[in-house]
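Have the coordinates open in your viewer as you read.

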Amino acid sequence: MLEDERPQILALRATLQPIGKVVDFSDPLRALDYLNEQQVDAAVIDIHMPEMPLNGVEFIRAVRSFDKDLAVIIRTGDTSIEIAEDAIELRAFRRVIKSKTSVQELREVLRSGIAETRSRRQLSRDAASSADASRRLEQTLGSVEDELSAAECYKAMLHSLRNQLTAIAGFAEVWCAVPPAIDHRLLQDTASENGRVVSRMLADMTAFLEGPFAEPQTVGDRWARADVNATLEILRKRFAAATVWSAQKKSVQISGLHQPLLAEASPIRLLTALRHTTEFCLASSPNDTRVLLRTDFIPDLEHHLARLGAQHLVFNRPARSRALGYVCFDWRAGQVMRSLEQIRRQIHAHPDDPRTGNLHMISLSLGEERNTVVVHVSPENLLSLQLLVPTAE
């Protein structure tokens with residue numbers, strides 16, 4: 001952690017020590033030297049350090065020149081839009097406000113940051129050890145790290161936009177109060193309309209951020225819940241606007257659940273998983289193909305897998321089924337020129353290494369091995385794929 005105020009250092013050290021080894025610095029240059037020599041799991045960085053040679057933003061920018069995987073948590077009292085924009089630019093993991101973040105919340109953020117760093121470092125090691133596999137993965141499905149980072153940036157930009165709209169709404173209120181004082185009818189009508197427009201924009205932005213892309217109540221995927229139908233609606237809109245597939249005369253038809261259901265995954269991660277798997281099916285199919293994505297509830301995973309037969313590949317099969325059941329996303333694609341064994345080798349590039357199971361290799365990145373993927377190629381070479389995600393309730 002980097003913090004220039006001694007009382008803050010003492011308080012932070014006491015707060016974070018239960019999680020692991022804490023190394024603290026008040027001098028950013030010494031902290032930079034340390035990070036050049038040692039790999040750490042997360043960094044908690046103060047921004048405003050007026051007596052120091054580098055401020056927090058300059059320090060993080062220097063760290064990013066040699067470590068792009070480290071999860072950086074910006075801890076500041078500054079709530080300005082500029083700091084939020086800096087956080088996006090520097091790919092910070094989170095920004096926490098000193099006066100608004102409890103001890104427990106800070107610990108949870110740090111635990112999530114540690115997990116994110118380790119995941120990123122493992123992805124970097126895998127990519128370095130097998131450049132060819134990494135290249136094929138990039139071409140077929142995209143990169144987990146890039147996509148998740150982009151998703152975080154999109155959310156951060158939307159939050160920043162909402163902050164700016166809130167400021168505009170404040171100006172609109174002031175403007176609405178001025179015309180009656182000067183008895184100017186046209187100005188009064190214009191001010192009122194301005195207030196209504198800004199209010200509608202704020203309401204739409206808030207509804208979106210608190211809808212399928214809402215942050216979980218508690219930091220960490222264990223508490224995350226994704227509304228299945230709302231997430232599928234976002235996926236449907238994405239592919240409706242994707243011209244790259246329509247140019248190949250390929251399309252996607254998506255069917256949701258008949259009743260609302262929550263999946264045990266964060267909305268961003270579930271959307272990323274569904275998007276990558278859909279693109280895998282589209283890329284594997286010939287032109288003039290419609291990929292069908294149907295969604296269903298599976299109460300008993302073992303019974304479901306037993307009914308599929310031997311001609312299916314099953315990845316990340318859980319040690320025991322969950323009593324709550326699974327949401328089953330079922331893709332039916334067109335004919336493929338590859339056998340089931342060739343697809344197995346592509347998706348599961350290192351079958352003897354449990355760290356590179358197919359959930360990582362096909363960019364799902366849904367976390368622990370609670371999710372199951374089933375791949376099938378029929379005698380007519382028709383591709384089908386299922387993703388089974390535990391239900392939250």
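Angles under 35 degrees count as roughly parallel, over 145 as roughly antiparallel, 65 to 115 as roughly perpendicular and the rest as oblique. This is a predicted model, where local features need pLDDT of at least 70, side-chain atom pairs count only at pLDDT 80 or more, and totals for chains, interfaces and linings use all residues. Residues are numbered from 1 along each chain as its sequence is written, and side-chain values use heavy atoms, leaving out hydrogens and water.

**The helix pair**

Helix α9 and helix α11 pack at an angle of about 45°, and are therefore oblique to each other. Their axes, lines fitted to C-alpha atoms over the stretch in contact, lie 10 Å apart. The contact (heavy atoms within 4.5 Å) involves these residues:

| Helix | Range | Contact residues |
|---|---|---|
| α9 | residues 228-240 | Thr231, Leu232, Ile234, Leu235, Arg238, Phe239 |
| α11 | residues 267-284 | Pro267, Leu270, Leu271, Leu274, Arg275, Thr278, Glu279, Leu282 |

By type, the contact of α9 with α11 has nine nonpolar, two polar and three charged residues.

**The core**

A nonpolar core joins buried (under 20% relative accessible area, 1.4 Å probe) Ala, Val, Leu, Ile, Met, Phe, Trp, Tyr and Cys residues through side-chain atoms within 4.5 Å. The largest one has 36 residues, among which Phe329 and Trp331 touch the most other members. Helix α11 gives the largest share of this core, seven residues. Leaving aside residues up to four places away in sequence, Phe329 touches residues including Leu232, Leu270 and Leu274. A second, separate core of 21 residues includes Leu2, Ile45, Ile60 and Ile83.

Key. Axes fitted to C-alpha atoms, helices over the stretch in contact; angles between N-to-C directions. Helix = DSSP H or I, 4+ residues; strand = E, 2+ residues; numbered from the N terminus. Nonpolar A, V, L, I, M, F, W, Y, C, P; charged D, E, K, R; others polar. Buried < 20%, exposed > 50% of the residue type's maximum accessible area, 1.4 Å probe, protein only.
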